[in-house]
Amino acid sequence: MAISLVLSRLILFLTLTCFAAVSSSSTTTTTLKRHSGFLYSRTRGKCTPQFWSSRREAWPRMVPQGSTVSNVFGSRASERYRSDMTLLESRAVNEEGNVFNELLKQASAALLNSYARKGFPYSAWEVKTLMIQGLVSEYAAARLTRRFSVANDACI
């Protein structure tokens, strides 16, 4: 009789444990299925070049919208881009295959994020220094564009 009581309690315990595990996993699965795109898209986009060009948020005071690329990134950048091009104008340049324009877009967003977002992986000084290093070759520009793009996309 004592053995049957122990067995019945063990069976009850296992049944409840299995039910709880199945219940919690199905709830999680249902929630993810119902909101999968929404959950991902809410954190994405607050740090991208498209976000900063939309003017939904004020730019940091350290980098006004009228700042020129050459003033922000130095004389090396003025050799590659127009000397009077502003950071806001740089977002509108859409030359497919031009890796230096993509670098400028991602580096500008990274610079704004470094001032506006706590915990962004690059400081403003690092962004400016890396941008100058990225202007050396197409390979360096492409590699750096990917790094900035990953940081900008992961930013919250």
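The legends below accompany several views of one predicted model.

View 1. The secondary structure comprises eight helices and zero strands, where helices (H or I, at least four residues) and strands (E, at least two) are DSSP runs numbered from the N terminus. Of the 156 residues in the chain, 35% are buried, a word that stands for under 20% relative accessible area, with exposed meaning over 50% and partly exposed in between (1.4 Å probe, protein chains only).

**View 2. Helix 8 and its length.** Helix 8 covers residues 138-154, which is 17 residues, and its first and last C-alpha atoms lie 24 Å apart, close to the 24 Å expected at 1.5 Å a residue; the expected span is 1.5 Å times one less than the number of residues.

**View 3. The buried side of helix 8.** Ala 140, Ala 141, Leu 144, Thr 145, Phe 148, Ala 151 and Asn 152 are buried in helix 8. They lie on the same side of helix 8 because they cover an arc of only 135° around the axis, the arc being that of the directions from the helix axis to the C-beta atoms. These buried residues pack against helix 6 (99-116) and helix 7 (124-134), with contact meaning heavy atoms within 4.5 Å.

**View 4. The opposite face of helix 8.** Turned away from the buried side is a face that carries the exposed residues Tyr 139, Arg 146, Val 150 and Ala 154.

**Notes.** Residues are numbered from 1 along each chain as its sequence is written, and side-chain values use heavy atoms, leaving out hydrogens and water. In this predicted model, local features need pLDDT of at least 70 and side-chain atom pairs count only at pLDDT 80 or more, while totals for chains, interfaces and linings use all residues.
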